[in-house]
Amino acid sequence: MKHYEVEILDAKTREKLCFLDKVEPHATIAEIKNLFTKTQGKSLKDEDVLQKLPVGTTATLYFRDLGAQISWVTVFLTEYAGPLFIYLLFYFRVPFIYGHKYDFTSSRHTVVHLACICHSFHYIKRLLETLFVHRFSHGTMPLRNIFKNCTYYWGFAAWMAYYINHPLYTPPTYGAQQVKLALAIFVICQLGNFSIHMALRDLRPAGSKTRKIPYPTKNPFTWLFLLVSCPNYTYEVGSWIGFAIMTQCLPVALFSLVGFTQMTIWAKGKHRSYLKEFRDYPPLRMPIIPFLL
């Protein structure tokens, strides 16, 4: 049988990265990618010990330039401080937003003030969690991500704040009953989200990158771990659904949808990692929505 020889080059520098011989003529591109990955070896973790690696007394390591990096803490603080500040600009109706006659005026609708409290609480909570709760497995992320993430968070915050705090804003269709139900959803999900973050924090000792299977604790909010791998995302989405119902604002609904889509991608990735790393991982769990997704 005739075999092929495949040469793989760097797309930018044209530098030769790998040479594969005896490639089957019916091999797919996916199979060629797997062959390339095997020849390049696996990526190493910071905590890997040299003597435990499958190498002799002479080891060859390859370093990849990840580009400009920035700490996760800095990224999160920037992402979350922006929406908090931007929303308050619209809430207090600073000049040049709604017209001179509305400068520093206040809405007559209770739901507008309640929405500001909930929005501010959410991002203050996130800022405090970043500083005192979260333990990151990776110290940095690409610098470009901060511009992408801030555009998303800051842009949506301005968009939803503009309409919710607009002088012509009208309260939800079903009035106080709708607001109270939505507020209950928001509060419950915020408590649940915080409870999951605390459970994940306790799972990893300070200064450690140890990974363990997360299980429910005595806190009822953590019982969602019985059904999903990433209940923090489930509660996060629930919070924004509650906020959307409370304000009956289309930009909030769109923000919730986009956030749900992104968090589903993250949850599926973490779920796959759990399944790959832990053979005894609970089989009934789904990534983000119990029994469905």
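**Around helix H7**

I started at Leu257, which lies in helix H7; helices here are DSSP runs of H or I with at least four residues, numbered from the N terminus. The model is predicted, so to speak of local features I need pLDDT of at least 70, and side-chain atom pairs count only at pLDDT 80 or more, while totals for chains, interfaces and linings use all residues. Residues are numbered from 1 along each chain as its sequence is written, and side-chain values use heavy atoms, with hydrogens and water left out.

**The patch**

I found Leu257 in a nonpolar surface patch of about 490 Å², together with Trp159, Tyr163, Leu250 and Leu254. For such a patch, residues need over 30% relative accessible area (Shrake-Rupley, 1.4 Å probe) and no salt bridge, with nonpolar side chains joined within 5 Å. H4 and H7 each supply at least two of its residues, and H7 gives the most, with 3.

**H4 against H7**

Next I checked helix H4 (residues 144–164) and H7 (residues 250–277): they pack at about 155°, axes 9 Å apart. The axes are lines fitted to C-alpha atoms over the stretch in contact, and angles run from 0 to 180 degrees between N-to-C directions. That makes H4 roughly antiparallel to H7 (over 145 degrees).

**H6 against H7**

Which angle do H6 and H7 make? Helix H6 (residues 231–247) packs on H7 at about 175°, axes 9 Å apart, and that makes H6 roughly antiparallel to H7. Glu236, Trp240 and Phe243 are among the H6 residues that meet H7, whose side includes Phe255, Met263 and Lys270.

Last, I followed Glu236 to Arg126: their side chains meet in a salt bridge at 2.2 Å, N to O. The cut-off is a Lys or Arg side-chain nitrogen within 4 Å of an Asp or Glu carboxyl oxygen. Arg126 is in helix H3 (residues 110–132), 110 residues apart from Glu236.

Notes:
Parallel < 35°, antiparallel > 145°, perpendicular 65-115°, else oblique. Patch = residues over 30% accessible without salt bridge, like charges linked within 9 Å, V, L, I, M, F, W, Y side chains within 5 Å. Contact = heavy atoms within 4.5 Å.
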